[in-house]
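These are my notes for a colleague meeting this structure for the first time. They are set out as numbered points, to be read alongside the sequence and the coordinates.

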Amino acid sequence: CFSPSSSDDRIVSCNRMTMCCLMIALLLTLFTFYIYIDTSGLPLLDATSSPLSTKSTSLLTSTTATESEHEERCMDLDLNQNMDTLISKSKVIFITMGAKAAGTTMVGFMHKCMVNITKKVKLGPNFINRPEESKSLLTNSLEVTPIIASHLYSDEPLIDIIKNAHENALIIYIHRKETDRIKSAIRHVVKKQRIKCNMNEEKTRCILNEQSLVEYIAKKPYEIGKGNLKLLTCGVYDAIVDNAPPNMVFVHYKQVDKLQRLLAKHHCPELLEKQPMKTNIANGSGKYVQLTHGKGLIEIDEWLDKKINFIEWTLKTRANAACQSNTRLMEHELFQCPHEAIRVPGLVLDSSHW
């Protein structure tokens, strides 16, 4: 700007220098802003980021729980341990599950444990799926059962419990991995003869047509369709984030014997030394599948062993599933716990708690 050239040259030179200074200032500002965002923990948007992402997907936006945090959330199902303490402090205990996840066993245990109350309170099976019937708990009897066990038909009752249950309530979801659950459900439906089969001439074998069996499974009737895909939804995970239930525990279905023992200790000690209830246990069905090719007969259990790893994919049984990533992350941590029971923390904000 102060060169001894003509006035016009000085003006051009000054303009160029001003532009250079402005560009340098802009770059410094952008760099400073980037550093602030990076160190403050705020998310950086990229081409794949969506401003409409749901709360449930935010469960997976952070790192997984540390080893010490995970160990603290694992529940010990032996007597006089942390699950025992949690049950002792709970005023009401909701035990929920999908089909073929020890639900019939736990409902039977509830009635046996709470027999003096449940015989007075006339409620239908799995009544928590019917809100109007649930209200009758307030008027049927002065005493109300502190243990409520029920299958779930959809995610709505579980969301309702998470939102509205008393802060001293314990919510237990008994979990079974979906592939294993659906295998058991198919076996159960066939055993109960809810699908047509033909008896052989000797009347010793009930024979299913393979193609008809496949088409029947694809419709997901009865217990086949009442599993985790309809229950552990984005709505449920959103409800956990929004309401932070202080006492919610996922328990693997194979641990219900230990769970019954803990419940009996505090609510029906006369059952403490008795064998845990076991109902609806799978056994030989006596059903056979007529193979489409080869004209051979094979027992339904053997057929399922051969086909189960392909059923969900070929029949698209998960086509309408959502937020499976949250369920798989929960399962990953659940099965790392020695007693296959894990507590949902009081404040679920991101996957560092999962």
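1. I begin with the pair Cys74 and Cys337, which form a disulfide with their sulfur atoms 2.1 Å apart; please keep in mind throughout that this is a predicted model. The link of Cys74 and Cys337 is left-handed, with -80° about the S-S bond. As for accessibility, Cys74 counts as buried at 12% relative accessibility, and Cys337 counts as buried at 2%.

2. How many disulfides does the count come to? The count comes to three disulfides. As a reminder for this and the next two points, a disulfide is a covalent bond between the sulfur atoms of two cysteines.

3. Another of these links is the disulfide formed by Cys113 and Cys268, whose sulfur atoms are 2.1 Å apart. The torsion about its S-S bond is about -105°, so the disulfide of Cys113 and Cys268 is left-handed. Because Cys113 lies in helix 4 (residues 103-113) and Cys268 in the loop between helix 12 (256-267) and strand 7 (287-290), the pair ties together parts that are 155 residues apart in sequence. Both Cys113 and Cys268 are buried.

4. Cys234 and Cys323 also form a disulfide, with their sulfur atoms 1.9 Å apart. Is the disulfide of Cys234 and Cys323 left-handed or right-handed? The torsion about the S-S bond is about 105°, so the disulfide of Cys234 and Cys323 is right-handed. Cys234 belongs to helix 11 (residues 234-243) and Cys323 to the loop between helix 13 and helix 14, so this pair ties together parts that are 89 residues apart in sequence. With 21% relative accessibility, Cys234 counts as partly exposed, whereas Cys323 is buried, with a relative accessible area of 12%.

5. The next two points concern helix packing, and two packed helices are described by the angle between their axes and the distance between the axes. The axes of helix 8 (residues 178-191) and helix 13 (residues 300-314) come within 10 Å and cross at roughly 140°, which makes helix 8 oblique to helix 13. The crossing of helix 8 and helix 13 is right-handed. On the side of helix 8, the residues that meet helix 13 are Glu178, Thr179, Ile182, Lys183, Ile186, Arg187 and Val190, and on the side of helix 13 their partners are Ile300, Asp301, Leu304, Asp305, Ile308, Ile311 and Glu312. The residues of this contact between helix 8 and helix 13 divide into seven nonpolar, one polar and six charged.

6. Helix 3 and helix 12 also pack, at an angle of about 45° and with their axes 10 Å apart, and helix 3 and helix 12 are therefore oblique to each other. Helix 3 passes helix 12 in a right-handed crossing. Which residues bring helix 3 and helix 12 into contact? Met83, Asp84, Ile87 and Ser88 in helix 3 meet Leu259, Leu262, Leu263, Lys265 and His266 in helix 12. The residues of the contact of helix 3 with helix 12 divide into five nonpolar, two polar and two charged.

7. Two backbone positions deserve a look, given that most residues other than glycine have a negative phi. Phi of Ala102, which is not a glycine, is positive and near 65°; Ala102 has its place in the loop between strand 1 (92-97) and helix 4, and Ala102 is buried, with a relative accessible area of 18%. Asn126, likewise not a glycine, has a positive phi of about 55°; Asn126 is found in the loop between helix 5 (115-118) and helix 6 (131-134), and at 13% relative accessibility Asn126 counts as buried.

8. Finally, I would point the reader to Thr105, whose place is in helix 4. Is Thr105 buried or exposed? At 6% relative accessibility, Thr105 counts as buried. Leaving aside residues up to four places away in sequence, Thr105 touches Gln260, Met277, Lys278 and Thr279.

Note on methods
Residues are numbered from 1 along each chain as its sequence is written. This is a predicted model: local features need pLDDT of at least 70, side-chain atom pairs count only at pLDDT 80 or more; totals for chains, interfaces and linings use all residues. Side-chain values use heavy atoms; hydrogens and water are left out. Axes are lines fitted to C-alpha atoms, for helices over the stretch in contact, and angles run from 0 to 180 degrees between N-to-C directions. Helices (H or I, at least four residues) and strands (E, at least two) are DSSP runs, numbered from the N terminus. Angles under 35 degrees count as roughly parallel, over 145 as roughly antiparallel, 65 to 115 as roughly perpendicular and the rest as oblique. A crossing is left-handed if the near helix is turned anticlockwise from the far one by less than a right angle, and right-handed if clockwise. Contact means heavy atoms within 4.5 Å. Ala, Val, Leu, Ile, Met, Phe, Trp, Tyr, Cys and Pro count as nonpolar, Asp, Glu, Lys and Arg as charged, and the others, Gly among them, as polar. A disulfide is a pair of cysteine sulfur atoms within 2.5 Å. Buried means under 20% relative accessible area, exposed over 50%, partly exposed in between (1.4 Å probe, protein chains only).
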